[in-house]
Amino acid sequence: MFQTTVTVDQFLQAMVDTFYMVGFSLLVGSIIGIPLGILLVITRPGGIIENSVFFKMVNPVINMVRSLPFIILLVAIIPFTRLIVQTSIGTAAAIVPLIIYVSPFIARLVENSILEVDDGIIEAAESMGATPMQTIWYFLVPEAMGSLILSLTTATISLLSATAMAGAVGGGGIGDLAISYGYERFDSFIMLVTVVVLIIFVQVIQSVGNWLAAKVRREN
Amino acid sequence: MIQLEHVSKTYKRNGTETIALNNVSLQINKGDIFGVIGFSGAGKSTLIRMVNYLEKPTSGTVLIDGNDVSDYTMQELRKTRKNIGMIFQHFNLLNSKTIFHNVAIPLILAKTDKKVIKERVMELLQFVGLEEKATNYPNELSGGQKQRIGIARALASNPSILLCDEATSALDPQTTDSILQLLQKINQAYNITIMIITHEMSIIQKICNRVAVMEKGEIIEEGNVLEVFGNPKHSSTKNFVRTVLQDEIPENIRKKINVIPGSRLFKIDFNDESNELINDMIRNFGVTVNLIYATMNEIKTNTIGHMVIQLIGASATVNQAVSFLSTKEIYVKELAY
């Protein structure tokens, strides 16, 4: 029952790979996705700097990328990945599709979070003579902060599940361990361990997200 | 000074046009507390947003202190807006920020020095009577307190105009009164011009000196509050006036009127300068006067009265008595029993 061919070092390396993939693509995905989400809100019809050309161009692109399941995106963009990181296998190769996968997702989540802010707040900002940048920075972002944190929590958990598929390009990580050892080599123990570890990860991420969101929302 | 000249606003949605404002002209003088009253959908909200250009007119001009706002660049418009404070029905405070930060926001936007901000915000909080709430959050405050914070925020940039968009509609009558007193204090202490839109006549009655009545995107009556109240011309205005002034004979009093043969019934509208009127009339013409019903209403510092009297006497003397009242610039109308 407790026999396994996976060494502790291997397992730790898998955890590190997972953290690396989730962390890095979350960071870059946020840098791309958050501004994109804000732009979607302000350029939409009736937004504070309405720009239908930008909105009508970006909106369908986001939908397009979002309609692909990650496993298909992963293999479909291999030539692009090779162009960027000079390889199509390994952890670095997995990060490129992960970023492409999560950026539009974050953009959409951020868009929804900011759209939840009461129009009255925007009107108040405009009545005070706030510039569009000031409206975003001093009014929209602080008011949406709780919701934005929950959005990023959701994105993080989605990324975690996407990294499991990164095994298909030899990306490593816990998901890869579960498939190549647990499933393909009938190593039930390591399968069980990865399942438990993934459950714990998701619980921790969600709890931290909830706690942070409640803190900024001051729900007490 | 605020001037609107032939301002119209049309919204186009899905091919259908809605006229929100139709050729509205209006002048609000420095130091006025100007009320705009109308039912919902009358165009009041659009009208008040013309003043700080949150809504742009389809045609017509908006002049602030004599300058045409449409000539302004975006930058100049923002500068003008800092001179026009606005408070809202639902307060529109930042729920994620402290009361202090909420009041400080206009100053933060203007990149004011932190020390100056602190002083100014505490001074404003003291002015609205909430200095002890500086570190609280909006959701810890009552509606009336939130509106006081809204007012403090609107005053932060030292505006010369304050726009009140249904500012008391979400508040109970007592809280409304305290907010109105605060607005009056602002008007007097800082000589800030105040424009109020409302659907409640009692607000106009309590603090406005001038009023415009709106219906279907048009101003149907405008002028001194006392004049408009005392002699409403349009049926909508009459309806609004009736909500605060009881000038009809209540039904149970009407039923008890003793119909004396040869007597006539008159309704008299008078003001506080006509105290000795009835006495003079009785002395000069020897008519008998029965008081059927009377009310007095306070409008700002003036009073307006309504009285229904029964006159008994020879028909010639009654006619003389009535024309005596009419010459005193008092509105007299004969009623049927």
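Two strands pair if DSSP finds at least two bridges between them. The exercises below apply this to chain B of a predicted model.

**Exercise 1.** Which residue of strand 9 of chain B does G35(B) stand opposite, and how many bridges join strand 3 to strand 9 of chain B?

Solution. Step one: G35(B) stands opposite V211(B) in strand 9 of chain B. Step two: four bridges join strand 3 (residues 33-37) of chain B to strand 9 (residues 210-215) of chain B, and the two run parallel.

**Exercise 2.** In what order do the six strands of the open sheet of chain B lie, and which strands stand at the edges?

Solution. Step one: the order is 6-7-8-3-9-10 in chain B, with mixed pairing. Step two: strand 6 (84-88) and strand 10 (218-224) of chain B each have a single partner strand, so they stand at the edges and one side of each lacks a neighbour in the sheet. Step three: from one strand to the next, the twist averages 15°.

**Exercise 3.** Which strands does helix 1 of chain B touch?

Solution. Helix 1 (residues 44-51) of chain B packs on the sheet and touches strand 3, strand 6, strand 7 (161-165), strand 8 (193-198) and strand 9 of chain B. Its direction makes about 160° with that of strand 8 of chain B.

**Exercise 4.** How are helix 3 and helix 5 of chain B oriented: roughly parallel or roughly antiparallel?

Solution. Step one: the axes of helix 3 (residues 99-109) and helix 5 (residues 143-155) of chain B come within 7 Å and cross at roughly 30°. Step two: angles under 35 degrees count as roughly parallel, so helix 3 of chain B is roughly parallel to helix 5 of chain B. Step three: the crossing of helix 3 of chain B past helix 5 of chain B is right-handed.

Notes:
Residues numbered from 1 in each chain as written. Chains lettered and ligands numbered in written order. Predicted model: local features only at pLDDT ≥ 70, side-chain atom pairs only at ≥ 80, totals over all residues. Axes fitted to C-alpha atoms, helices over the stretch in contact; angles between N-to-C directions. Parallel < 35°, antiparallel > 145°, perpendicular 65-115°, else oblique. Left-handed = near helix turned anticlockwise from the far one by under 90°. Contact = placed C-beta atoms within 7 Å.
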